[in-house]
Amino acid sequence: MGTLYSEIPSWMHRLPAGLKLFLLALSSVLLLALSDLRIQALAFAAIALLYASLGAASRPTRRLVVVAVIASALVGGLHAATGQPWLGLASGLRLVSTTMLGAMLTATTRFGDLLGVAEWLLSPLARLGLPVERLALQLGLMLRFAEQFFVQWQRLADAYRVRTGRSGGWRLLAPLTIHMLITARKVADALAIRLKL
């Protein structure tokens with residue numbers, strides 16, 4: 001499976017995965033709670049500086065951020081068309097800010113480390129007899145497949161652009177679906193063997 005994790009070291013690679021997850025959750029909540037547009041803009045600028053400070057380590061996730069900027073522009077345009085331009089600007093700032101935070105976590109944290117944090121967070125549920133390891137694995141797979149979806153889409157878009165010189169757009173949906181189904185089948189087979197299902 002492809003990954004957006006960067007092997008190029010950065011200052012954020014040295015932080016524990018649990019601390020990064022906690023800061024991501026806290027920052028996301030604070031971004032949602034902010035109502036003053038000026039403070040939102042300051043928060044966006046601070047997050048953009050943090051993202052830029054990763055340097056080359058942020059390279060695998062840059063296209064993801066560009067997509068978020070385009071989506072934010074569309075959302076902002078839609079709000080502007082309905083007479084609410086400031087709401088559109090606020091929504092766009094929140095979307096790009098949270099995307100950059102998620103991209104920073106993804107580019108600097110290994111999947112195994114995230115899985116370890118998920119198992120630790122779910123460990124109190126073991127007292128109720130719930131299969132914590134499997135729950136953590138399902139959560140980890142969901143996160144991993146979201147990342148895999150974007151990586152696969154990037155590869156298909158690049159291949160289409162090289163062959164035709166144009167963007168693939170909606171034409172990539174069918175091959176992307178097939179690739180994701182094949183990947184899901186391979187992962188399911190591997191898990192069945194590993195877990196002896």
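The side chains of R63 and D158 form a salt bridge, with an N to O distance of 2.9 Å. A salt bridge here is a side-chain nitrogen of Lys or Arg within 4 Å of a carboxyl oxygen of Asp or Glu. The pair joins distant parts of the chain, since R63 lies in helix α3 (residues 62-81) and D158 in helix α6 (residues 132-164), 95 residues apart. Helices (H or I, at least four residues) are DSSP runs, numbered from the N terminus.

R63 has a relative accessibility of 32%, so this residue counts as partly exposed. D158 is partly exposed because its relative accessible area is 32%. The classes are set by relative accessible area: buried is under 20%, exposed is over 50%, and partly exposed is in between (1.4 Å probe, protein chains only). R63 and D158 also belong to a network of salt bridges that includes R161.

## About the model

The model is predicted; local features need pLDDT of at least 70, side-chain atom pairs count only at pLDDT 80 or more, and totals for chains, interfaces and linings use all residues. Residues are numbered from 1 along each chain as its sequence is written, and side-chain values use heavy atoms, with hydrogens and water left out.

## Other salt bridges

Side chains of opposite charge can pair when their charged atoms come close. The structure has four salt bridges. One of the pairs is R110 with E7, whose side chains meet at 3.3 Å, N to O. This pair also links distant parts of the chain: R110 is in the loop between α4 and α5 (111-122), E7 is in the segment before α1 (17-33), and 103 residues separate them. R110 counts as partly exposed because its relative accessibility is 41%. E7 has 57% relative accessibility and therefore counts as exposed.

D36 and R38 form a salt bridge through their side chains, at 3.1 Å from N to O. D36 has a relative accessible area of 27%, so this residue is partly exposed. R38 counts as exposed because its relative accessibility is 63%.

T99 is part of helix α4 (residues 85-108). Is T99 buried or exposed? T99 counts as buried because its relative accessibility is 17%.

Which residues does T99 touch, leaving out those up to four places away in sequence? T99 touches L64, V65 and A68, where contact means heavy atoms within 4.5 Å.

Conventions:
Helix = DSSP H or I, 4+ residues; strand = E, 2+ residues; numbered from the N terminus.
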